[in-house]
Amino acid sequence: MSPEGTAVTANTSAPSSITGKILVALLFATAIGAFFFFDLKSYLSLDALKANRDDLLVFTQEHYVPAVALFILVYILQTGFSLSGATIMTLAGGFLFGSLLGPLYVNIGATTGATLAFLAARYLLHQWVERKFGDRLSPIQDGFAKNAFTYLLTLRLIPFFPFFLVNLLSGLTRVKVGTYVAATAVGIIPGSVVYAFAGRQLGTINTLSELVSPRLLLAFSLLGLLILIPVVYRKFTERPSSMYRE
């Protein structure tokens, strides 16, 4: 292909890429704006869930498959657009579908939604970040890519890192999509199981703060830090060997 042909291809693809990014950004802005404008957050609250639990339970029992599909779809949208309400959705999953199937449906919805958010962030901002900060971030990018699964798994397990923020920031790294999906699916299992199990005792829960005890947060944090031990060990063992070879 001639240089002129290459230039024409680049020029024609650039506007379409910009148009696509604008449309994706508008979609996210519209969804987030509608969420707050129509006060949809009030429907994803503990009071709303408890007030409608009987109707939700009857609907689930009479229309199980549509209820599962609707639940997963709502979870995907909530996570994909980085909206609040994940804890309520997980509690609802445990209450409606049980302590075994509830976490499974939560995992499918949360992982799919997180992957969409990850891909959106990568599509919208990854190239700009690489052009703007590529040289300065290269060592961090390389280190993250080398231990991506372990790092992501740790971030998912430690509750102090917001779920939506990990989704968006991961999209700016060079981590592979498959690695991201696997680490997310595995990392959210403990939290989804705990909250889904709590959903079975929905009537005894008065506030969400009752579910987040210091011991629970500490347990998740320690579990996440334990995952990092092999990475830290390799770093300390690789340095002496490299110095010896020199």
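Where is the place of Ser82? I found Ser82 in the loop between H4 and H5, where helices are DSSP runs (H or I, at least four residues) numbered from the N terminus.

**Entry 1: ground rules.** I noted that this is a predicted model, in which local features need pLDDT of at least 70 and side-chain atom pairs count only at pLDDT 80 or more, while totals for chains, interfaces and linings use all residues. Residues are numbered from 1 along each chain as its sequence is written, and side-chain values use heavy atoms, with hydrogens and water left out.

Entry 2: I looked up the backbone of Ser82 and read a positive phi of about 55 degrees, although Ser82 is not a glycine. Most residues other than glycine have a negative phi. Ser82 counts as partly exposed at 26% relative accessibility (buried is under 20% relative accessible area, exposed over 50%, partly exposed in between, with a 1.4 Å probe and protein chains only). I then turned to Asp39, in the loop between helix H1 (3-37) and H2; Asp39 is not a glycine and has a positive phi of about 55 degrees, and at 43% relative accessibility Asp39 is partly exposed.

**Entry 3: the largest pocket.** I looked up pockets, each an open set of points on a 1 Å grid over the protein atoms alone where a 1.4 Å probe fits, with protein on both sides within 12 Å along at least five of seven lines; lining residues have an atom within 4 Å of a point. The largest has a volume of about 950 Å³, a volume being the space filled by probe spheres set on the points. Of its 37 lining residues, Ala86, Thr87, Thr90, Phe163 and Tyr195 are the closest to the centre. H5 gives the most to this lining, with six residues. I sorted the lining by class into 24 nonpolar, eleven polar and two charged residues (Ala, Val, Leu, Ile, Met, Phe, Trp, Tyr, Cys and Pro count as nonpolar, Asp, Glu, Lys and Arg as charged, and the others, Gly among them, as polar).

**Entry 4: the second largest pocket.** I read about 420 Å³ of space here, with 17 lining residues, of which Leu56, Phe71, Met89, Ala92 and Leu96 are the closest to the centre. H5 supplies the largest share of this lining, five residues, and the classes are 15 nonpolar, two polar and no charged residues.

**Entry 5: one more residue.** I ended with Val65 in helix H4, which is exposed, with a relative accessible area of 63%.

How values were computed. Helices (H or I, at least four residues) and strands (E, at least two) are DSSP runs, numbered from the N terminus.
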